[in-house]
Amino acid sequence: MPVKTESFYLNVGPQHPSTHGVFRLRLTLDGEVVVDVEPIVGYLHRGIEKLAETRTYTQIIPLTDRLDYLASMTDNVAYCLAVEKLAGIKVPERAEYIRIIISELMRISSHMMAVGFYLNDCGAFFTPVLYMWREREKILDLFDMLCGQRLLYNYMRVGGVSQDLPDDFLPALKKFVDEMPKYIGEYNQLIKDNEIFLARSKGVGILPKETAVNIGASGPVLRASGVKWDLRKMDPYSIYDRFDFDVPIGEVGDCYDRYWVRVLEMMQSLRIIEQAMKQMPQEGPVIADVPQFFRPPKGETYGYIEAPKGNLGFYIVSDGSIAPYRLHIFPPTLINITALKDMMVGWKVADMIIIFGSMDVVLGEIDR
Amino acid sequence: MTTALNGEELAKKIAEAVPGSVVSSDKSSIIIDGKSLLQVAEHFKNKLGFDYLTAVTGVDYIDYFEVVYRVVSMQHNQSIFLKARCYTREDPALPSVTPVWRAAYYQEREIYDLLGIKFEGHPYLKRLLLWEGFNGYPLRRDYL
Amino acid sequence: MEIVRPDLYTPEEADIAEGKLINSFIENCTSPIPDPDRWLDEEIHRNILLTSLDMAVAWARQRSIFPLIFGTACCAFEMIGASGPRFDLPRFGMDIIRFSPRQADVMLITGTITWKMATAAKMIYDQMPEPKWVIAVGACAISGGTFRESYSVVPGINRILPVDVYVPGCPPRPEAMIYGITRLHAKIVKGTIDNPGLSLNKEGKETR
Amino acid sequence: MLEQFGYVGILLIIAILFTVTIPVLPILLRYIKLIPHKKNSEKTVSYECGMSTVGKTWVQYNFRYYFFAVLFVILDMLTIFLYPWAVNMKDLGIGGLVAVGIFLIILTVGYIYAWRKGALQWK
């Protein structure tokens, strides 16, 4: 005769070390086992879409920086691609290559943060994160050399990039790309075969393939469930069709697969950067001639890229004036956590923290 | 390459599958009548294989509200825009597509929260980003 | 501004109560709270007996403050970067980043504070033991920053909490944060024991 | 023989002094105003990530936590009783060994009984 037990509510609330920002989970717990999960978001809702309606197309770029502040360059690229698609602006060759190199650097840095803080939630308190922070500081130095800012860059412009690469950028990038595989090998040697890590993440929080597609997941979370869908391959935007790289996918879709897909994607990004550095034209214009207050034609467009966390989309409706009539940001992380309840119910609180950590959410993008 | 399907011929196919649902269609999108949105969604998902809903957006065009669904079919790598409009401004309502594609769960809650469009049939329609006592819907053009 | 504490039994009641609380915050917090500046007037009366003890306690407090990172947005990652190996915040004794207010001395408001988050900020500030200080890091915490005219952002955290040090920047570089922390050290050393930096409003009652 | 107990006496005094000063110290420092003491209603509320707690917490837990607690206390007491024997095992000789052996057998019988009954399954 099982013992009749009652459940109680617990707030894994906005100010919590392992909710990656101000994410709030209202749990119904029965003892230690999670019975019901209700994510509550909105604690960082700054109303970016309302603010964007009163700013010109160039002034919105700093707003898009603050969406996914761990990969703010790719937010800029997504927004600029959408506006260029709307206005039909042709981006010069060299700017396209610079954008590819920087997006892939941003992907590596974002994946390192995702894996590092996932390990942090697993209990390896801050050791793996600081290992990966060491490489992230190198990437931030590259960006610092490029546009003077460490975290929010405002470097992209509609029609290209704001300024050309400084001449000591490419040698520093070459040095980084040569020694990075050694460091990734070091992480794997530290983490990959650690049996505690395997015991804690294998088979935990499984997102099956059909649910992943049905909830519209995207990015490493979707690929970890075994669906081969990467926008850079399926719908190549800008010049991704000139590079060959493969798309890693997981088998089961548990926390371990999500970790492993991110590590493999870091290796693929390095391959893309090497090819881009070789093929890049040495000189040429870096920005198309776009007037400061340019007015795109009336109409709507939906620009999307394969951001580190999923396919980030911008839906812009323009009525011909200098400011967009409506700007909607499609947040991949908010959609990835639709099935959080199916993945978490039945697991214990410690596993719940890991499952949420493996989803790699950023609150700036969820709450906009 | 995700080929954006031409709206016209797809609209013809939808018209005979779900009679009286297509209001109009142009090159890149099909405008569906609000009431029969659910049958069209099921038709898209089961018959035409559009199983991947990537974006749901609400826009306030002063004299009508428009909700845009971008649907992608993963097998044939095609995408199309579905649009649904509601012309009343007091309490606009549309059928929810969450039973068909669970991707719309949070996006419809957000549109309800910021634009005030009710989605009937949504499992848990509650404010997503703002707090309970917030009066008014910020993304409407007449919100100050 | 007393927070009423009803006994809530269902999540719906909790949400409605939270909504009311946020709306009452919006009405009440309209003017900034004066910054604690009691330490500015040099000739505050110090009794002779406690002077050396005063110095010793102030020195001990200054050297080991435990930060509570109230990290909401981008500045939180710059603050974690500052406590990383390269910028090394632990040099200042701020080694362990506390997330519970019970073991924290200084509250680092890093990131945009929305009205929905303001009630949590106020509650956590009240739950911190005395003596406590607040550093507002980043333009969003100081004045709402790039999102100042938004409908859901608090235009500056000093409407809710008394702030001791402001670190401007969006996000401020880790060196700027460390400079802000050394400014706080200078402030702590000057404060006396019993009121380490709290300010008196007009009728001489201590504001918190 | 008596002065050996002197050491125990000193240890007793230090222990008492230690246990008394630790709780009294903050009260003393607060009395001479070294630690500021400001009461407010919010400080006594339990911390739940900045949110107010919901629902009652005096709920019926699953029974398995209690099983593990009791078993742990029993086996921990076992180790405490082994200390005096283990300290001077040589001069207690065979007699001591037999006594401790019986003591251990009794406890292992109880432990195996609990194991068989399934007290340790994490249902």
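In chain C, 4 strands make up an open sheet whose order is β1-β2-β3-β4, and their pairing is parallel. The strands at the edges are β1 and β4 (165-167) of chain C, each of which pairs on one side only, and neighbouring strands of this sheet are turned against each other by 20° on average, direction ignored. This description, like everything that follows, rests on a predicted model.

**Chain C around its sheet**

Chain C contains 6 helices and 4 strands, and from the N terminus on these elements follow one another as α-α-β-α-β-α-β-α-β-α. Of the 208 residues of chain C, 47% count as buried. Among the contacts of chain C that link residues at least 6 apart in sequence, 79% join residues at least 24 apart.

Within the sheet, β1(C) and β2(C) run parallel and are joined by 5 bridges, and Gly71(C) has Thr110(C) of β2(C) opposite it. Helix α6 (residues 174-190) of chain C lies across β2, β3 (133-137) and β4 of chain C, and its direction is at about 170° to that of β4(C).

**Helix α4 of chain C**

Helix α4 of chain C, which covers residues 115-127, has 13 residues and reaches 19 Å from its first C-alpha to its last, close to the 18 Å expected at 1.5 Å a residue. How much of α4(C) is covered? The helix is mostly covered, with 11 of its 13 residues buried; among them are Trp115(C), Met117(C), Ala121(C), Ile124(C) and Tyr125(C), and the buried set also includes Lys116(C) and Gln127(C). The cover over these buried residues includes α1 (11-28), β1 (67-71) and β2 (106-110) of chain C.

In soluble globular proteins, nonpolar side chains tend to be buried together.

Which chains share the most contacts, of the 5 pairs of chains in contact? Chains A and C do, whereas chain B and chain D do not touch, their nearest C-alpha atoms being 14 Å apart. The contact between A and C takes 26 residues from chain C and 29 residues from chain A. On the side of chain C that touches chain A, α3 (74-82) and α4 of chain C each supply at least two residues, and α4(C) gives the most, with 4 residues. The residues on that side of chain C divide into 15 nonpolar, 7 polar and 4 charged.

**Strands of chain A**

Chain A has strands that pair in the antiparallel sense, and the table sets two of these pairings beside the parallel one described above for chain C.

| Strand pair | Sense | Bridges |
|---|---|---|
| β1(A) and β2(A) | antiparallel | 5 bridges |
| β2(A) and β3(A) | antiparallel | 7 bridges |
| β1(C) and β2(C) | parallel | 5 bridges |

In chain A, strand β1 covers residues 8-12 and strand β2 covers residues 24-30, and Phe8(A) stands opposite Leu29(A) of β2(A). Strand β3 of chain A covers residues 33-40, and within β3(A) Pro39(A) is the bridge partner of Leu25(A). The strands β2(A) and β3(A) form a hairpin that has 2 residues between them, and Gly31(A) in the turn has a positive phi of about 70°.

**A loop residue of chain A**

Val252(A) is found in the loop between α10 (231-234) and α11 (255-279) of chain A. Why does Val252(A) count as partly exposed? Val252(A) is placed in that class because 16 C-beta neighbours lie inside 10 Å, while a buried residue would need 20 or more. Leaving aside neighbours within four places in sequence, Val252(A) is in contact with Ile206(A) and Asp257(A). The C-alpha atom of Val252(A) is separated by 5.6 Å from that of Ser225(A), although the two residues are 27 residues apart along the chain.

Terms used. Residues are numbered from 1 along each chain as its sequence is written. Chains are lettered from A and ligands numbered from 1 in the order in which they are written. This is a predicted model: local features need pLDDT of at least 70, side-chain atom pairs count only at pLDDT 80 or more; totals for chains, interfaces and linings use all residues. The expected span of a helix is 1.5 Å times one less than its number of residues. A residue is buried if 20 or more other C-beta atoms lie within 10 Å of its own, exposed if 12 or fewer, and partly exposed in between; C-beta atoms are placed from the backbone. Two residues are in contact if their C-beta atoms, placed from the backbone, lie within 7 Å. Two strands pair if DSSP finds at least two bridges between them. Ala, Val, Leu, Ile, Met, Phe, Trp, Tyr, Cys and Pro count as nonpolar, Asp, Glu, Lys and Arg as charged, and the others, Gly among them, as polar. Axes are lines fitted to C-alpha atoms, for helices over the stretch in contact, and angles run from 0 to 180 degrees between N-to-C directions.
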